[in-house]
Structures are given as structure tokens and as C-alpha cells.
Amino acid sequence: MKSIRIGTRGSKLALYQANYVADLLNKSGLSTTIVTIETKGDKVLDVSISKIGSKGVFTEELEAKLAAGEIDIAVHSAKDLPSRLPEGFETIAFTEREKVNDIIISHKGDFPDLNDRSKPLVLGTSATRRVATLKYFYPHIKTVDVRGNLQTRVSKMEGGLCDGLLLAYAGVHRMGYDKLIKKELPLTEFIPAVGQGSIGVEIHKGMDHELKTLIKSAINHPESAACLEAERSFLSVLEGGCSIPAFALAHWEGDQLILEGGLMQIDGKERLFASHSGTGEEAGLLGKKLAEDIKSQGGDLLLKEIKQRLNG
């Protein structure tokens with residue numbers, strides 16, 4: 001059988017994830033080749049994600065290579081995958097999920113408590129969800145937009161741009177920056193972005209069925225995949241991209257799948273929240289129910305306001 005060509009972005013974290021997937025395939029007896037591809041999100045670093053368009057900003061170029069048959073699979077951080085893929089593409093696997101928490105890293109030894117209003121604190125992040133969450137729970141904390149790969153962001157932080165960075169634990173841990181972690185943020189406040197902590201595998205629908213089955217069986221983690229199906233269903237019905245301050249997290253309690261999530265105003269003045277539970281077979285339905293619940297709370301109007309602000 002031919003070598004599986006794995007398409008990936010070229011950052012250290014993206015290559016880590018591609019090699020992780022390659023190892024899973026290799027253990028199943030499949031040979032692999034890694035192909036690096038630069039995306040729009042990698043090229044444009046002086047503009048926020050919300051300004052350059054959130055849909056496919058890290059995936060479009062990889063999908064073009066899939067469609068052209070130049071790669072066999074594309075590997076993404078699951079949180080970068082649009083909730084609705086373009087016609088002709090599908091996700092076939094999600095890896096076992098890493099710890100999902102947001103965390104704060106800092107180069108400073110004495111890092112203040114987030115509730116301490118006596119010490120000015122500036123945190124760097126490029127995510128509207130994280131900015132909105134900070135404004136809601138900790139309105140005294142200032143934020144600054146920081147983009148680029150993790151190494152670039154750390155360099156900017158150490159250069160004095162900010163006191164700390166607000167990031168996903170998974171990426172920090174995978175890159176070996178655990179010693180810089182100062183705070184692990186509670187899931188009761190910082191519910192993560194849809195898909196955070198997992199790696200997604202995307203294919204073009206023309207792939208041979210037998211090969212598709214082999215790849216899926218080597219990579220897919222069923223329990224994590226059910227969680228992501230629920231979360232991605234929520235985001236799809238909500239019609240939200242990665243620049244929308246929406247959040248959702250599914251987890252297992254016995255044989256029950258619990259899905260919690262919601263939507264925030266960009267300025268953090270309003271936070272809509274709901275939860276639903278059901279079986280793993282109902283994962284997609286749970287996401288739909290959660291989205292409809294949030295919309296009924298005023299989410300429709302809030303989404304319209306958010307999109308107008310981002311596009312303005």
C-alpha cells in the first residue's frame with residue numbers, strides 16, 4: 001500500500017500533531033509522509049483572525065491540496081476546523097483529547113491572583129472568546145492581541161508586550177512549556193472553544209473506502225469523537241466561526257454525554273449559557289438542542305450584533 005501523505009501547517013505545534021497522527025498510522029502498519037503547507041492564517045500575522053475571516057483561515061490551503069490529490073489526509077487542531085466543511089470534504093477521525101483547560105503562562109516569577117485589582121495585569125490573546133470571558137469575570141484585566149506560533153508569542157511576552165499569555169493547555173504542554181504555566185483556569189468560567197484539545201483528520205470524499213476505514217480505525221478515539229460531534233453540531237447550528245465568542249464542552253458521566261455551552265457579547269457584558277445531556281448516539285442532537293436553547297435566550301440577536309461588530 002502507498003505511503004499516506006499527511007498535510008499539515010508548518011509550525012512546530014502543527015508538525016507535532018502531524019507526527020502524532022503519523023505514529024498512530026505507523027503502529028497500524030501504514031507508512032506515512034508529511035507534507036507542510038502554508039495557510040492564510042500563517043501568512044497574515046499583523047491582523048486579528050476576526051478581521052481576515054474566520055472560516056477556513058487555517059484550513060483552506062490544505063483542502064485545496066486534498067481536492068487536487070496532492071495529500072491524502074489533512075491534520076488540524078480540531079478547534080481550527082470550521083463547523084461546516086466545504087462540499088466534498090469530511091472529518092473521519094478525532095484523536096483522544098488532551099486536557100481541555102485554558103491556562104495562563106508567564107515568564108514572571110511572582111504572578112498575581114486574577115482577583116487582585118491592586119496590581120495592573122495585561123494578558124495576551126488573539127481569541128475573542130477568551131477576551132470576552134476575561135471581561136465578564138475579570139473586567140479589571142487588560143488584554144492585548146498577540147498572534148503567531150507559540151514560540152513567537154512567548155518571545156513577544158518576554159519582550160514586554162504583556163505579563164502573561166492566555167492559551168490552551170494542550171498546545172503549551174505539547175511544546176514543552178509546562179514550567180511557564182501559572183494558572184489553570186476553571187471550566188466553570190473558561191469553557192473552551194469547540195474541539196479544544198483534540199486533533200482532527202480531514203479527507204476528500206473521493207478517498208477509497210478501504211483506506212478510509214484503515215485510517216479511521218488507527219486514529220479515531222470514539223469517546224472523544226462523540227464529544228466533538230456534540231460540540232461541532234452546536235457551533236454549526238449556531239453558525240459560528242472561530243472568531244465568534246461561543247464556547248462548548250462535552251464530557252462523559254457514566255454512559256451519559258453532558259454538553260455545556262453558550263455565547264458571549266464581545267465586550268463580556270452578557271453571557272448566555274445552557275446544558276443538555278443524553279446518550280452518545282444523541283451527540284449531534286444534543287448540539288442542536290443546545291444551539292436552539294441559546295438562540296431562544298436571545299442568541300439570535302446577539303449573533304447578529306457580534307457579526308456586525310466584527311465586520312465593521
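**Buried residues, rings and a pocket**

Guide: In this predicted model, Cys227 is buried, with a relative accessible area of 6%.

Visitor: Why is Cys227 called buried?

Guide: Buried means under 20% relative accessible area. Cys227 has 6%, and therefore counts as buried.

Visitor: What makes Cys162 buried?

Guide: The relative accessibility of Cys162 is 4%, so this residue also falls under the 20% limit.

Visitor: How many disulfides does the structure hold?

Guide: The structure holds 0 disulfides.

Visitor: Why is the pair of Tyr136 and Phe137 called edge-to-face?

Guide: A pair of aromatic rings is described by the distance of the centres and the angle of the planes. Ring centres must lie within 6.5 Å to pair, and planes over 60 degrees apart count as edge-to-face. Here the centres are 4.8 Å apart and the planes stand at 80 degrees, so the pair is edge-to-face. The structure holds 1 aromatic pair.

Visitor: What makes Lys99 a residue whose charged end sits over the ring of Tyr169?

Guide: The distance limit to the ring centre is 6 Å. The charged end of Lys99 sits over the ring, 4.7 Å from its centre.

Visitor: Which element gives the most to the lining of the second largest pocket?

Guide: Helix H9 (222-238) gives the most, with 7 residues. The lining has 15 residues, and among those nearest the centre of the pocket are Ala225, Glu229 and Arg232.

Technical notes:
Residues numbered from 1 in each chain as written. Predicted model: local features only at pLDDT ≥ 70, side-chain atom pairs only at ≥ 80, totals over all residues. Heavy atoms only, no water. 1 Å grid on protein atoms, 1.4 Å probe; cavity = no way out; pocket = protein on both sides within 12 Å on 5 of 7 lines; lining within 4 Å. Helix = DSSP H or I, 4+ residues; strand = E, 2+ residues; numbered from the N terminus. Disulfide = S-S within 2.5 Å. Buried < 20%, exposed > 50% of the residue type's maximum accessible area, 1.4 Å probe, protein only. Phe/Tyr/Trp six-rings, centres within 6.5 Å; stacked < 30°, edge-to-face > 60°. Lys NZ or Arg CZ within 6 Å of the ring centre and 35° of its normal.
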